Amino acid sequence: MIYLNYSTHYYVTDIAKHSPIVTAPGSNEKNPIPKHKRPLLSDSPYESNETKLSGWKESFGEMFIGLFRLDMDRVRAGPVAASIYYGQAKQQGLQYPNEELSETASFYYSTLGLPRTFAQWFQITALHYWILTVRMRAMPYKYGHNYQQKFVDRFFKDMELRLAEEMNISSGRIIGNYMKDFYHQTRGLVLAYDEGFATNDATLATALWRNLFNGREDVDIVHLEAMVSYVRMQLYVLSKMSDREFGFGKFTFVAPNEIVKPLSQAEEAKLKEFARSQFEPVSGKVLPSMRSSLSLDE
Amino acid sequence: MSTKEISKQIIQLLDRLPAERLKHYSSFKRVQTIRFKKEAGIALTAEEAAPTEKRTLTDVMKEVTFKPETEVKTPFVALTADAIQSQFSSLKKIMDNKYQKYYHIPNDKLLNPKGNPDYYTRLLSELNGENKETKMSAARTVIFGR
């Protein structure tokens, strides 16, 4: 969990709900009922929360890592970027027909009134992918690039499987066409969001309007403002995390109904001290699998 | 202030939007200017009134292959005074960079990323047309990843 102070400043949901324009919840009438619901990450038992390695397997693993001096920062990219971070990004806008929406999904589909479609889920997930990418880019290249690669590989693999099993598309050719389209959209939105991030809120807002809000003429600008504050808030939190914390998967997206207050220098120092105590215990004893060369200061 | 007055102020704010560096499928500035001109009762210019989207071959094929859905055109409904005011105040906050300033990221940690320090400089100079990528620099990016 993120250990930042939440206080009463700009709640994203409050900004969005503040609008006097009544927004109809997004509909999902045309979405097919999935024949088979995919697990959040994969069918592998190692990615389920219930699986725990037995003691001897763990000890053997630690011995193996220690003996061969494996670079755990490279190894960790898969379980962290493709499992923890992709799982979080996927869940933000995940919805199924005739099922109750999660809290974050309810923000997108009920509060913002976005359509409950697969393409919209893709847009929400891709936005969170881009947010994470910005932070991954600030890691040493060797590791950050690997994290990005693992995330995007899982993202597209999962989309392909979801299209086949949950959207009930049996034609490989049609799935392939969709995948190409999503690939082009990803390249476009990463460019647009990066431009917005590096310039100003107005450019970021127009990028969000074109992508997340599907270029709707009747967009509620209050909703657009809420999303600009949401994106800036996530990036602020990410900028305050050290490479080590981020690399170990300690980041969680701030929910739209939570708030982050800018930190004072004293608070920042306290957080750094806390992170150091978590990753570098006074005893100096760290398991081989927990070793890392990622910085705790930057 | 009347809704028409506020709509005119929104249009003035939209005018201040930075020019788009790339041509996109739709322009926020153009679409919203038209929307609020309708609210303010201002006549559209000939350029604004003309349809912008060019139909591609794919669009034509789609119409031939699939029966197009009957488009239900919703009649224009003017926004209430409260609604217009909220649109104005949100747009003003966006134009004033409120959130970029509030969530200020010091030390350029993310804008000069360690893994790819020139990423944003190269991106913006390319978009602004200041320093175009050459074939060699593009090939280098593809091969080395940055």
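**A walk through chains A and B**

A:Q88 is buried, having a relative accessible area of 14%; here buried means under 20% relative accessible area, exposed means over 50%, and partly exposed is what falls in between (1.4 Å probe, protein chains only). Before going on, please note that this is a predicted model, in which local features need pLDDT of at least 70 and side-chain atom pairs count only at pLDDT 80 or more, while totals for chains, interfaces and linings use all residues. Residues are numbered from 1 along each chain as its sequence is written, chains are lettered from A and ligands numbered from 1 in the order in which they are written, and side-chain values use heavy atoms, with hydrogens and water left out.

Back to our starting residue. A:Q88 sits in helix α4 (residues 77–92) of chain A; helices (H or I, at least four residues) and strands (E, at least two) are DSSP runs, numbered from the N terminus. What does A:Q88 contact, leaving aside its neighbours within four places in sequence? The partners are A:F251, A:T252 and A:F253, where contact means heavy atoms within 4.5 Å. A:M136 is 48 residues away from A:Q88 along the chain, and the C-alpha atoms of the two are separated by 15 Å.

A:F251 belongs to the loop between α11 (243–247) and α12 (265–279) of chain A. With a relative accessible area of 0%, A:F251 is buried.

Two asparagines in other loops of chain A come next. A:N98 is in the loop between α4 and α5 (103–111), and its relative accessible area of 71% makes this residue exposed. A:N98 has a positive phi of about 60° although it is not a glycine. The loop between α7 (141–165) and α8 of chain A holds A:N168. A:N168 also is not a glycine and yet has a positive phi, of about 55°. Is A:N168 buried, exposed or partly exposed? At 25% relative accessibility, A:N168 is partly exposed.

Now let us turn to chain B. Its secondary structure consists of eight helices and zero strands, which gives the pattern α-α-α-α-α-α-α-α along the sequence. Chain B has 146 residues, and 32% of them count as buried. Of the contacts in chain B with a separation of 6 or more, 57% are between residues 24 or more positions apart. The accessible surface of chain B is about 10100 Å², with 58% of it belonging to carbon and sulfur atoms; such areas come from the Shrake-Rupley method with a 1.4 Å probe, and for residues only the protein chains shown count as cover. Helix α8 (residues 135–144) of chain B lies largely in the open, because one of its ten residues is buried. Just after α8(B) comes B:G145, which takes a positive phi of about 85°.

How do the two chains meet? The contact draws 57 residues from chain A and 50 residues from chain B. The size of an interface is often given as the accessible area lost when the parts come together. Chain A and chain B bury about 4700 Å² between them, and 64% of this is on carbon and sulfur atoms; buried area is the accessible area (1.4 Å probe) that two parts lose on being put together, summed over both.

Six salt bridges cross the interface of chain A and chain B, a salt bridge being a side-chain nitrogen of Lys or Arg within 4 Å of a carboxyl oxygen of Asp or Glu. A salt bridge joins the side chains of B:K93 and A:E225 (3.6 Å, N to O).

On the side of chain A that touches chain B, α6 (118–137), α8 (172–198), α9 (201–211) and α10 (221–239) each supply at least two residues. Of the elements there, α10(A) gives the most, with eleven residues.

Our last stop is B:N97, in the loop between α5 (81–95) and α6 (98–102) of chain B. B:N97 is buried, at a relative accessible area of 17%. Apart from its neighbours within four places in sequence, B:N97 is in contact with A:N200 and A:D201. The side chain of B:N97 reaches the backbone nitrogen of A:D201 at 2.7 Å.

Key
Polar contact = N/O pair within 3.5 Å; in protein donor to acceptor, adjacent residues only side chain to side chain.
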